[in-house]
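Subject: Structure for your files

Hello,

Here is the structure you were waiting for. The notes on what was found in it follow below.

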Amino acid sequence: MTTLNNDEVAGALDRMYAAADEQFVKLREDGSRRFADLSNASAQQRADALSDIYMPVTREAGRLLYSLVRAAKPAIVVEFGMSFGLSTLHLAAAVRDNGFGRVFTTELSATKIAAAKRTFAETGLDDVITVLEGDALESLKTVDSEIGLVLLDGWKELYLPVFKLLEPRLVPGALLVADNTSMADTQPYLDYVRDPAHGYVSVNFLARDSDSMELSCRA
């Protein structure tokens, strides 16, 4: 049995995905207005205003993340945008099953940080996770090790700035996973990793009916 399927981790994932699914039904009724009201807000203001909102990767994307970490065996995994920690659990479970490594994850919302830390402790994965609180462009400067896998799943306009901050520490063959790449604000990042001159090989694929992910390898 993998860590992903043990009682504690599987139970936490089931509980959180059920809550996210229930919340999504309610958000379809008034969510567009709620998000529209934040169109001119700062990243911190958006994080605080949406501190109760699940923003998870899909179940299938979570299993993909687990599989990529198991296959690539990165010593250091960096996640930009933890939310309540669903994707973090998949990454950390893979690190645990690899027998080495660490996940560094970032989040602006104090409410989500507190909730995620409780979940990480309850699942027994807190010893392989470091939560970096606050502005990722500042907190990620503290990660001074070579990075083998990056998940970009925070505010979309920050994908490229966050990536450029991490890029000097990427190992050859490092994997980059960007979620929600159908959103317009991700285009500068996509243009960068799709340009052969920058040394990446990228593929885009549907992660859900209306959105896509980009998987890139530092060649």
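**The second largest pocket**

The residues that line the second largest pocket are Leu4, Asn5, Ala10, Leu13, Asp14, Tyr17, Arg59, Arg63 and His90. Please keep in mind that this is a predicted model. The volume of this pocket comes to about 190 Å³. By type, its lining is made up of four nonpolar, two polar and three charged residues. Two helices, α1 and α3 (59–72), each contribute at least two residues to the lining. Of the elements involved, α1 gives the most, with four residues.

**Gln23 in helix α1**

Helix α1 covers residues 7–36, and Gln23 is part of it. Gln23 has a relative accessibility of 16%, so it counts as buried, the cut-off being under 20%. Its side chain reaches the backbone oxygen of Asp52 at 2.7 Å. Neighbours within four places in sequence aside, Gln23 is in contact with Asp52, Ile53 and Tyr54.

The 14 residues of α5 should span 20 Å at 1.5 Å a residue, and the end C-alpha atoms are 20 Å apart, which agrees. The buried residues of this helix are Lys112, Ile113, Ala115, Ala116, Thr119, Phe120 and Thr123. As background, an α-helix has 3.6 residues a turn, so residues three or four places apart point the same way.

Glu122 also belongs to α5, which runs over residues 110–123. Is Glu122 buried or exposed? Its relative accessible area is 55%, so Glu122 is exposed, given that the cut-off for exposed is over 50%. Not counting residues up to four places away in sequence, Glu122 touches Glu8 and Arg15. After α5 comes Gly124, with a positive phi near 75°.

**Two residues with positive phi**

Ser83 is not a glycine, yet its phi is positive, at about 55°. Ser83 sits in the loop between β1 (76–80) and α4 (86–98). With a relative accessibility of 8%, Ser83 counts as buried.

Asn180 is another residue other than glycine with a positive phi, in this case near 60°. The loop that holds Asn180 runs between β5 (170–178) and α8 (187–194). Asn180 has a relative accessible area of 13% and is therefore buried. Asn180 and Glu122 are 58 residues apart along the chain, and their C-alpha atoms are separated by 29 Å.

What does the side chain of Asp211 make a polar contact with? The partner is the side chain of Asn180, at 2.7 Å. A polar atom of the Asp211 side chain also lies 3.0 Å from the backbone nitrogen of Ser182. Leaving out residues up to four places away in sequence, Asp211 touches Asn180, Thr181, Ser182, Met183 and Leu206. Asp211 is in strand β7, residues 211–218. Its relative accessible area is 6%, so Asp211 is buried.

To put the last two sections together: Asn180, with its positive phi, is buried, and its side chain is in polar contact with that of Asp211, which is buried too.

Regards

Terms used: Residues numbered from 1 in each chain as written. Predicted model: local features only at pLDDT ≥ 70, side-chain atom pairs only at ≥ 80, totals over all residues. Heavy atoms only, no water. Buried < 20%, exposed > 50% of the residue type's maximum accessible area, 1.4 Å probe, protein only. Polar contact = N/O pair within 3.5 Å; in protein donor to acceptor, adjacent residues only side chain to side chain. Contact = heavy atoms within 4.5 Å. 1 Å grid on protein atoms, 1.4 Å probe; cavity = no way out; pocket = protein on both sides within 12 Å on 5 of 7 lines; lining within 4 Å. Points joined across faces, edges and corners; volume = space filled by probe spheres on them. Nonpolar A, V, L, I, M, F, W, Y, C, P; charged D, E, K, R; others polar. Expected span 1.5 Å × (residues − 1).
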